[in-house]
Amino acid sequence: MADQQKIHPVSVPEPAQVAPLPKPTAPLVPRGSSRSENGDPERQQSSPPLKRSLTPYSPLKPPKKKRGCCVRCLCWSCCLFFLLIVLIGIAAAVVYLVFQPKLPKYSVDSMRITQFNLNTDTSLSATFNVNITARNPNKRIGIYYENGSHLSVWYKGTNLCEGKLPKFYQGHRNTTQLNVHLTGQTQNATNLLQLLSDDQQKGKIPLNIRVKVPVRIKLGKLKLMKWKFLLKCSLNVDNLSQDNVIRIRDNKCKVRFRF
């Protein structure tokens, strides 16, 4: 008989004990939601990165100044100035049509020399009496000749004598004769007398009479602001002898005015 097999027990080593995992303190899924709402966190794919649009850098422009008010003020000023010019033009046209203004006319009628001699210090003393006629051709305009006038007699750039016009009023269509007394003294007049002697031999001595007179114009009953009449008369005489009859060959007067 065969030997019976004996089975001997074998000691199997016990497996090492594994420490239990700690329980989660917070649920993986919020309360009130199911697993299908948020999906499996392990299988959830990460969202793609956000794309940033790249724009070129440009420096900031300074804010524009508010010039609308200035522009409007400038426009209004220009409009008012233009309107003022138009109104002045209309007023001047009305005055011209109603009053028809004309410049006064002047002429040198006669001249008398009471003193014209050379002194021992080579100075020349001169005294003239000049008769001037002033004509106002206007029908509705009067002229006030104010104080502060100046009248002078010139020979080749040299002032021989000077005086002034009297203060008076010249009415409509009026002719006034003025006798003006002028005196003067010229230093170092030896060469001047030589030139004067040469012209006197020719029988033609050129003289200039210059007048500046402030005036005020009267339109009807309205008295305007002060203006200035500038008068220049060019005349030729035959001689400048003392106490002698002086004949005026020709004379021409021009008048202009300014404010």
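I looked for salt bridges (a side-chain nitrogen of Lys or Arg within 4 Å of a carboxyl oxygen of Asp or Glu) and found one in the structure. The pair joins distant parts of the chain, 43 residues apart: K156 sits in the loop between β4 (150–155) and β5 (158–163), D199 in helix α3 (residues 190–202). The closest N and O atoms of K156 and D199 are 3.0 Å apart.

The model is predicted; local features need pLDDT of at least 70, side-chain atom pairs count only at pLDDT 80 or more, and totals for chains, interfaces and linings use all residues. Residues are numbered from 1 along each chain as its sequence is written, and side-chain values use heavy atoms, without hydrogens and water.

I checked burial next (buried is under 20% relative accessible area, exposed over 50%, partly exposed in between; 1.4 Å probe, protein chains only). D199 is buried at 8%. K156 is partly exposed at 48%.

Then I turned to I132, in strand β2 (residues 124–136). Strands are DSSP runs of E, at least two residues; helices are runs of H or I, at least four, and both are numbered from the N terminus. I132 is buried, with a relative accessible area of 5%. I listed its contacts (heavy atoms within 4.5 Å), leaving out residues up to four places away in sequence: S107, D109, L151, T176, Q177, L178 and V180.

Last, I looked up V86, in helix α2 (residues 68–99). V86 is partly exposed, at 35% relative accessible area.
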